[in-house]
Each structure stands twice: as C-alpha cells, then as structure tokens.
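Have the sequence and the model open side by side while reading.

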There are 2 protein chains.
Amino acid sequence: MAKTSKSAIKETLKVRRLGIDTYRENVAYLHRECELYRAEGFQALSKVKICADGRRILAVLNVVDDDNIVTPTDLGLSEEAFAKLGVSEGHLVSVEHAEPPASMDAVRRKIAGERLSQEDFYHIISDITDMRYSKTEISAFLVASGQTDMDRDEVFFLTRAMLESGEQLDWNESLVADKHCIGGIPGNRTSMLVVPIVAAHGMLIPKTSSRAITSPAGTSDTMEVLANVELNIKKLHDIVRKHRACLAWGGTAELSPADDIMIAVERPLGIDSIGQMVASILSKKLSAGSTHLLIDIPVGPTAKVRQMRQAQRLRKLFEFVADQLAIHLEVVITDGRQPVGSGIGPVLECRDVMQVLQNSPDAPDDLRQKSLRLAGRVLEFDPDVRGGKGYAIARDILDSGRALEMMDTIIKAQGVQTKTFELGKLTHDVLSPSTGVVVNIDNLQMAHIARFAGAPIDKGAGVDLFKKLGDKVKKGEPLYRIHAEFPSDFSFALTLCERDSGYLIGKEEQIPKAFVEF
Amino acid sequence: MAKTSKSAIKETLKVRRLGIDTYRENVAYLHRECELYRAEGFQALSKVKICADGRRILAVLNVVDDDNIVTPTDLGLSEEAFAKLGVSEGHLVSVEHAEPPASMDAVRRKIAGERLSQEDFYHIISDITDMRYSKTEISAFLVASGQTDMDRDEVFFLTRAMLESGEQLDWNESLVADKHCIGGIPGNRTSMLVVPIVAAHGMLIPKTSSRAITSPAGTSDTMEVLANVELNIKKLHDIVRKHRACLAWGGTAELSPADDIMIAVERPLGIDSIGQMVASILSKKLSAGSTHLLIDIPVGPTAKVRQMRQAQRLRKLFEFVADQLAIHLEVVITDGRQPVGSGIGPVLECRDVMQVLQNSPDAPDDLRQKSLRLAGRVLEFDPDVRGGKGYAIARDILDSGRALEMMDTIIKAQGVQTKTFELGKLTHDVLSPSTGVVVNIDNLQMAHIARFAGAPIDKGAGVDLFKKLGDKVKKGEPLYRIHAEFPSDFSFALTLCERDSGYLIGKEEQIPKAFVEF
C-alpha cells in the first residue's frame with residue numbers, strides 16, 4: 001500500500017485576499033494555469049478544502065484566467081473565506097478535493113421522505129455552522145425539511161441542534177423576558193416600546209434583535225438611529241445587570257450561528273416553512289437566555305400568516321417545541337392587515353416610537369395600543385401581576401414618562417449615536433387615484449417600495465404613510481410619501497410604485513375583517 | 001403619479017469582462033463605492049438585472065472593495081455572464097433589482113406539496129433556460145420535484161417542457177436508433193461498440209453524448225482520444241447522412257439546454273431522483289431526433305439503482321413517458337455489480353474498446369458481451385430482424401471486422417485526433433491485503449479514485465483493473481494500477497485509495513448475485 005509520505009499534500013500556494021464580498025459563501029479563486037493543481041478538475045465537484053496550519057475551510061471554486069486577479073502561484077480568497085481561514089496574506093496553503101459534507105446523506109434521506117433523528121439534525125447543523133455546506137446544499141436542506149416534510153418532533157430536534165450550535169447566554173435569573181414577532185409587517189417596531197416599559201417595571205428583558213435582511217428595517221437598524229447597537233458580550237452583560245434591559249444587535253454574540261447562514265439562503269428564495277420559522281426563533285431566543293417569551297403572530301391578507309387556521313397551527317408548533325425545551329411561551333395573534341404606525345424605514349420608525357414614548361398627540365395610536373397590549377402580556381409573566389392587569393400597568397408606565405426615561409437610560413448606556421440621520425431629501429407623494437376609503441394596504445409592496453428607496457442602508461429612506469385602513473380619501477390627496485437619498489434608489493422605488501402603489505381605494509364594506517385579539 | 005421620465009434607469013456603468021469562470025452561474029461584480037448604485041442594497045436580495053441595448057441578464061451580485069478588480073464606475077461580469085449579455089467591453093449598462101423569476105411561485109407550490117401543471121413546468125424550464133434561476137433556486141426546484149413529489153404525469157410535463165426548451169434535430173427517417181445508459185458504472189463504454197456495429201448493419205444511429213461532469217469519463221471524453229468530437233450541426237448532419245452514424249459531443253447542439261444547467265447543480269448535490277433522470281434522458285434523446293431508444297439500467301450494490309424493484313419502477317416510468325411522447329423505448333436491466341471492462345479513464349477505456357473491435361485476445365470479455373447484447377437489442381428495432389436474432393447479427397459484424405471498419409470511417413469523417421494521449425506516467429499498484437477471491441468492487445470508489453487521479457481532464461489518468469469479481473488473488477498481488485499525470489492529482493488518488501481501496505477480498509460465496517438479463 002502507498003505510504004503516507006507519498007500522499008501528503010504540501011501547503012504551497014500563497015493566500016491572497018481578494019476584495020470580493022461573496023455574501024455568506026466562501027469562494028476560492030484558482031488560476032486556470034496553476035502550476036500545482038488542475039483547477040478544472042475541482043470545478044464540477046464544486047467545492048475544495050483549503051488547509052493552512054491545521055486550519056481548514058471549504059470553499060466554492062472559481063477558475064480565474066486573469067493574472068491581475070490571481071497569479072498561477074496564488075490562491076485568492078473572498079473576504080468571508082479569508083476571514084474564516086484566519087491566516088495572513090502570503091501564508092502557504094494547500095488545496096484538496098472537498099468531500100461532500102457527511103450529513104448530506106441525511107439530507108438525501110429527508111428528500112426521499114424519511115424522518116430524521118436528533119443525531120441527524122446535530123450533524124447537519126454542525127456542518128452548516130462550520131460552513132461545510134454550499135448555498136445549493138443549504139437550499140436542498142431547507143426545501144427538504146420544508147413544511148410538508150418535518151413532523152413536530154423533528155422541529156424540536158432541529159431547534160435543539162441550532163440552539164446548541166453556538167453560544168448560550170445565562171443571566172442567572174428565574175425570569176428573563178423577551179418578545180418576538182414572526183415578521184412581515186412593516187413599521188412594527190413594538191420592541192422599542194415594550195422593552196422600556198417592561199424594564200421600567202423592573203423585569204429583566206435583555207433584547208437582542210436582528211438587522212433587516214430583506215425587509216426595510218429590523219429593530220437593530222431602527223435603534224441604531226438613536227444609539228450604538230453593536231455591543232460586545234461583556235458590555236451587554238454590564239448594561240443588562242445595571243439597567244435590566246438593552247436593545248442591541250444580536251449578531252456579535254454568535255447565538256445560533258447556523259440560523260444566520262440558513263436565513264441568508266432562505267429569504268431570497270422566499271420560502272418560509274413553519275418548522276424552520278419555529279426552530280429559527282426559538283433557538284435564537286433560548287440561546288439569548290430567555291425563560292419567558294411572548295410570540296406575536298400577525299394575521300392578514302398580505303402578512304406571513306394569512307389565515308386563522310394557519311396561525312393556530314403555527315401556535316401549536318411553537319407551544320410544543322417550547323414545552324420540550326422548558327421555556328415559558330405564550331402566543332398572541334394580532335391584526336396584520338396593514339403596516340403598524342406611519343413610518344417604514346429606520347428614521348421614520350424611530351420618529352413614531354419616540355412620539356409614543358413622549359405621549360405626543362401625533363403618535364400613531366395603533367403602534368401605541370399594540371405595544372401596550374404586548375407589554376401588558378409580558379408584564380403578566382411576573383407572578384405578582386394578576387392576569388388581565390398587565391395592560392393598565394403598562395399604560396401607567398408609558399403615560400407617566402417612566403418608559404421614556406428608561407429608553408434614555410438604555411440609549412446612554414449603549415452609547416448615544418454620534419451621527420445624525422436625516423430623512424431622505426428626494427421625495428415623492430403618491431396620490432389617491434379616486435375618492436373613497438382605503439380598503440387595503442399591501443404589507444409586502446410597502447416593504448418592497450421602502451427597501452427599493454434605500455432602507456435600511458440609508459436610514460432616512462423609506463415610506464411615510466398618511467392614510468391607513470378605513471381612512472377617507474379624496475382623489476389626488478396624498479396617500480404616502482417616499483423618501484430616498486440616492487437617485488438610483490429613488491427611481492427604483494418610483495418604478496415599483498408606478499406598477500403597484502400598494503393601496504386600494506374602495507368602499508367601507510370591502511375592508512377585510514380582523515378576527516384577532518388585537 | 002410619477003412620470004416615466006423620472007423613473008427611467010440610465011445605462012451608465014461600463015462593462016468589464018473579468019476573467020473569472022463561475023461555472024454555470026452569472027456573477028456581476030459591483031464596487032462598494034459605486035457612484036450610481038448602492039451595492040449593499042442589492043446584495044441580500046441576491047440577484048440583479050443588467051441591461052444593455054435591450055439585452056438583459058440576471059446575475060448574482062458580489063460586492064468588490066478592490067479597484068484592481070473593478071472601479072466604482074465599472075460593472076464586472078464573470079465569463080459566463082459576459083458571454084450571455086453579449087456586448088463588448090466598455091459598453092454602457094444599467095443595473096436594476098431583479099424580481100425573483102415568476103415561476104418560483106410554482107416551485108413554492110411544489111414545496112408545499114401541490115401538483116404542477118404543464119404550464120407551470122413550461123414556465124419553470126423557460127426561466128431556467130434563460131438563466132433566471134440562481135443555483136440555490138435550481139436546487140430548490142430539484143429537491144421539491146424529487147422522487148417523492150412528482151407523479152408520472154408531472155414527469156411527462158417536465159420532459160416535454162425540457163424537450164421544447166431547445167433545438168430539436170429531425171433526420172427525416174422513420175427509424176433513428178439510440179442507446180443510453182443511466183450511468184454510474186465506470187468503464188461502461190458500450191456506445192463506442194454498439195454504434196459502429198449498428199451502423200455497419202445500415203441503421204441510422206446519430207449518437208450524441210456528454211462529457212463527464214462528476215464521473216471519470218463520458219463517451220465524448222473517451223471518443224476524443226481518437227477523433228474530433230466537437231462538430232457543428234451542419235457537419236454532424238453531413239457525417240450522419242453519409243455514414244449513418246456519429247459519436248459526437250452533444251453540447252454544441254443546444255439540445256435540452258435546461259438539462260445541462262440543472263445537471264450542473266444536481267451532480268455535486270448527489271441527488272438524482274428518478275423523475276429528473278427520466279426527464280433529463282428522454283428530453284435529450286428526443287431532441288436529438290431519436291425514434292427508437294434502448295435504455296440500459298445497471299443494478300448492483302454500488303450502482304445508481306441498487307434493487308430490482310427500483311429498476312422496475314424506473315423502467316415503468318421510462319415506458320410511461322416514452323409512450324406519451326411517442327418514442328419507441330425498450331429497457332434492459334443489466335449487471336451493475338462492478339465496473340465494465342478493465343480501464344477507467346479516457347485512454348484506458350479507449351484501449352478496451354479498440355481491443356474488442358480488433359478481436360484481440362486481451363479484449364475484456366464483459367465489455368464485448370454486454371456491447372453485443374445491447375447492439376443485438378438495438379438491431380431488433382429493425383422490422384426485418386427477427387426477435388432474438390440481433391445478438392448473432394451483432395456478433396457477425398464484430399467478428400468480421402466490419403465494426404472496426406465502420407469505427408475507422410467515423411473517426412476519419414469526424415477528423416482524426418491530432419494529439420497523442422499517453423497513459424499517465426505516475427503509477428501506483430494497489431496490492432491485495434489478503435489471499436482469497438474478489439467479492440466486491442465499489443463502482444463509486446473506483447470512479448472517485450480515477451477522477452482524483454485526473455480523469456477525464458488528463459486523458460491518460462485513471463485506473464486499470466487487473467482483477468474482477470470472482471477472480472482469485474494472493475496477498476500482495478496487484479489489484480489495480482493508478483495512472484496520473486500531475487503530482488497533486490496523484491497524491492489525491494493515493495490518499496483516497498489508502499482510505500478505501502474499493503476492493504473487498506473474501507470467499508466465493510460472498511459475491512453478490514446478479515438477478516439481471518446480462
């Protein structure tokens with residue numbers, strides 16, 4: 001048999017960092033005339049293993065014909081791959097054929113309709129966390145484990161695997177509260193109201209949230225208008241210990257890292273199975289150390305959940321998995337027929353939130369009411385709060401100004417934002433095509449328009465709604481205003497709203513009914 | 001409402017062709033500091049639309065920080081994207097948000113378990129052909145339409161959509177024969193024997209075949225050792241008209257182009273559903289103008305089809321779809337327990353084929369027998385050949401030297417290969433670890449070793465088998481020889497066969513039984 005010496009792979013190509021951001025996929029660039037490796041031999045198999053000093057990453061291979069990009073003695077790495085390998089430029093590396101990740105066998109069994117075990121999910125999630133899956137493989141897993149193909153035990157297995165794939169915070173308290181909305185409703189910035197209200201009551205609520213991926217703003221994007229949101233773990237702990245709350249970006253904490261990788265594939269595909277959703281949310285919340293969690297499921301014709309029976313199915317699944325994982329979870333089903341508040345986009349949403357905190361007469365009442373009800377339900381996690389009394393406590397805290405005070409405290413603790421963000425100066429008013437009543441506002445289209453206008457990258461970009469469901473409008477009266485910073489984004493948004501403004505004007509009786517709690 | 005002038009997107013970035021081969025996916029490279037577009041705004045949505053002079057392509061977006069790759073006023077395109085857009089360097093282009101392909105709605109319905117219509121499949125295949133799908137979207141479609149999720153009518157719909165997506169050859173004859181193996185068996189180069197035998201009988205057999213994607217050799221890779229295989233449509237027609245046959249690469253003819261795009265995703269994923277397989281093979285064969293088709297399904301423990309009942313299921317599906325499409329199709333189920341012949345890799349396989357054609361005493365008997373039986377069955381498509389008499393006719397043609405003569409004719413017509421390919425000079429003999437009988441040869445592992453050794457890119461690389469199933473071996477006796485050209489490939493192959501040689505030595509009675517025709 002061959003001796004090991006014969007087959008040892010030497011590390012002999014020089015690493016070069018290419019300034020190419022391949023967005024959550026490792027890509028390696030090998031010259032077609034590379035003296036050591038036959039680039040084309042690797043290509044169809046799609047991935048290579050790159051080793052340096054015992055470190056190893058997998059990467060998709062692109063073959064390069066241009067010496068200005070990489071020379072035949074170099075191996076180029078995309079930004080993400082370079083960071084992941086973690087050696088300096090010029091370091092010697094070897095390239096090998098990458099075996100497909102072993103857990104792809106389980107994915108193939110799932111495709112064939114089999115039920116997977118806890119072990120299978122551990123292996124899949126561990127391979128995804130270690131970036132051993134290409135985006136096509138992640139896509140295969142997401143589709144195979146989509147809504148028709150995962151039973152509730154499997155959702156629990158997946159959640160546990162995701163939870164255990166990263167860091168887990170421990171606050172050493174018996175009641176760590178959190179709230180989370182499943183998403184899909186623009187302007188729905190209730191967290192920035194619920195957190196100060198609940199914290200003012202004295203309850204621990206260390207809120208970590210996401211940045212927008214395909215939506216016009218995440219809570220972190222909006223909070224960042226006011227304060228620094230990128231806190232390291234130590235700072236996060238210090239703030240929460242001292243003030244009982246924070247409103248920080250969760251990305252620095254490596255909580256459920258597989259989730260971030262999968263979401264980067266799932267969102268552009270527009271697939272969102274309920275099993276994946278439950279696993280994603282619960283793994284993130286549990287890893288953030290929550291013991292009590294309120295889940296907001298908005299229902300409406302353009303919400304993620306369109307029918308009450310789907311909402312109930314989702315609720316049962318949340319409850320089942322939460323019980324297995326011993327987290328206290330409650331679900332509220334809310335009115336998701338239209339955006340919440342007036343603004344869509346970080347600066348505009350921030351304005352709405354601050355108006356509510358300041359008890360301004362201009363404050364959007366729907367955002368205020370929804371936040372008070374959610375805060376009330378979270379407050380009722382407190383054993384000393386009688387069922388049904390949370391709302392009144394929340395309202396007292398808000399009306400008295402104690403919520404605003406707590407928000408100021410949080411902002412100062414996290415660090416006041418040094419930049420000032422202005423509303424986008426390029427504006428366009430979309431006018432009503434007829435006289436009547438607003439009978440529909442399409443959540444997806446409004447989010448889409450705000451996104452095209454530049455939100456959340458330009459914090460001042462977005463959409464400001466002047467009319468909501470049931471409002472009377474005259475022909476030619478403005479329905480909403482688009483704000484943009486960048487001319488190309490402004491054109492994209494205008495083109496999109498020319499095609500479909502997202503508003504429907506009709507008669508009172510056409511307004512869809514809400515069959516929900518609030 | 002906004003005026004069109006306000007929202008028109010101007011074509012103002014200069015196209016730059018980047019020498020990066022992104023392997024069947026369009027990639028565009030935009031500078032992070034681009035003056036016209038906010039690169040990051042596009043990124044999470046994953047795809048952009050690029051327009052120039054009314055031409056448009058979709059591409060995945062990578063954000064670049066290095067002015068040496070693209071400047072802020074340029075838009076870089078990967079080789080494939082540049083070719084697809086078809087404008088010259090420096091041409092002005094615009095960038096827009098790409099809507100997800102409309103047919104992704106159908107894919108999402110498929111994920112949710114719905115049955116798709118002929119219309120749905122037309123739309124999906126048309127979008128895939130036009131490169132509107134990213135690889136993750138193709139992966140989603142492949143998994144969603146995998147084996148548990150497509151009924152036989154849907155397989156027919158898919159086949160028809162794929163067939164109609166590209167060119168279709170018409171030979172204006174009532175009997176155009178072809179044979180096709182579903183693959184997975186190394187060394188199985190029967191086409192290079194069946195074609196000259198059948199053509200010598202006078203039957204029309206215009207054989208177009210593929211190059212290897214993840215296997216160590218396709219028929220085209222092996223035929224290329226002897227002759228030019230890249231023929232344009234006109235030349236192909238002329239040769240077939242004159243000599244009744246060809247052995248050419250099918251890639252130049254744009255037959256079922258969606259198939260090539262899907263296979264590039266499917267193979268590395270290692271998913272191979274029977275519905276996709278049937279649609280892929282039948283769309284290719286029908287578009288090549290075949291009227292009579294023999295399908296070879298090898299069955300064995302390491303073949304694509306492992307059990308007789310799976311083979312029968314696959315056979316029924318082939319028959320059903322072929323009947324709908326009015327092609328005369330027959331299926332033979334063959335012994336797929338081990339590689340066919342001795343050589344794996346283009347030069348070695350070519351040697352085996354020529355030995356059979358030359359009636360050499362060294363010729364591998366299994367390759368000869370299998371080819372004669374397949375040729376016999378194809379000959380029986382001729383109404384003048386009595387059932388059961390094909391084999392004897394095929395044997396006469398081979399033994400008389402007429403098949404060899406026909407092969408020479410085909411080689412000369414296509415153009416004799418001007419390069420000489422030698423066997424790889426780096427060699428290593430893998431020795432038997434014990435005395436006994438060869439009881440298993442793993443098809444996948446042998447293919448894998450030959451591929452790592454450099455096949456098919458280095459035509460002389462591969463594996464030469466000295467022992468086959470049932471052969472007696474002594475401890476230390478060579479089982480096979482690895483040939484490689486390139487030192488890195490040689491090490492890859494050795495490392496792989498150290499881990500698992502692919503051979504199992506045991507006792508006579510451990511040899512798996514073959515329950516197949518031949």
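By what turn and what shift along the axis can chain A be laid on chain B? In this predicted model, a turn of 179° with a shift of 0.0 Å along the axis does it, and the RMSD is then 0.1 Å. The two copies are therefore related as by a two-fold rotation axis. The residue of chain A whose C-alpha is nearest this axis is A:Thr136, at 2.3 Å. Both copies use the same surface, since 100% of the contact residues of chain A recur in chain B.

Next comes chain A as a whole. DSSP runs give chain A 19 helices and 19 strands. Its radius of gyration is 25 Å, close to the 24 Å that the globule rule gives for 518 residues, so chain A is as compact as a globular protein of that length. The C-alpha trace spans about 80 × 50 × 50 Å along its principal axes. Of the 518 residues, 58% count as buried. Among contacts in chain A with a separation of 6 or more, 80% are between residues 24 or more positions apart.

The chain can also be read by domains. Domain 1 of chain A covers 11–97, domain 2 is made of 177–248 + 272–414, and domain 3 covers 426–510. Between domain 1 and domain 3 of chain A, the C-alpha centres lie 46 Å apart.

Now follow one strand, β15 of chain A, residues 436–441. Which strands does it pair with? One is β17 of chain A (residues 472–473), which runs antiparallel to β15 and is joined to it by two bridges. Another is β19 of chain A (residues 503–506), also paired with β15(A) in the antiparallel sense, over four bridges. A:Val437 has a residue opposite it in each of these strands: A:Lys472 in β17(A) and A:Gly506 in β19(A). In a regular strand the side chains alternate between the two faces of the sheet.

For a helix, turn to chain B. Helix α12 of chain B, residues 274–287, has 14 residues. From its first C-alpha to its last it reaches 20 Å, close to the 20 Å expected at 1.5 Å a residue. Is α12(B) largely enclosed or exposed? A residue counts as buried if 20 or more other C-beta atoms lie within 10 Å of its own. By that cut-off 14 of the 14 residues of α12(B) are buried, so the helix is largely enclosed by the rest of the structure. After α12(B) comes B:Gly289, with a positive phi near 90°.

Note on methods:
Residues are numbered from 1 along each chain as its sequence is written. Chains are lettered from A and ligands numbered from 1 in the order in which they are written. This is a predicted model: local features need pLDDT of at least 70, side-chain atom pairs count only at pLDDT 80 or more; totals for chains, interfaces and linings use all residues. Two strands pair if DSSP finds at least two bridges between them. Domain bounds come from an automatic or database domain assignment. Copies are superposed by least squares on the C-alpha atoms of residues with pLDDT of at least 70 in both. Two residues are in contact if their C-beta atoms, placed from the backbone, lie within 7 Å. The expected span of a helix is 1.5 Å times one less than its number of residues. A residue is buried if 20 or more other C-beta atoms lie within 10 Å of its own, exposed if 12 or fewer, and partly exposed in between; C-beta atoms are placed from the backbone. The radius of gyration is taken over C-alpha atoms; the globule rule is 2.2 Å times the number of residues to the power 0.38.
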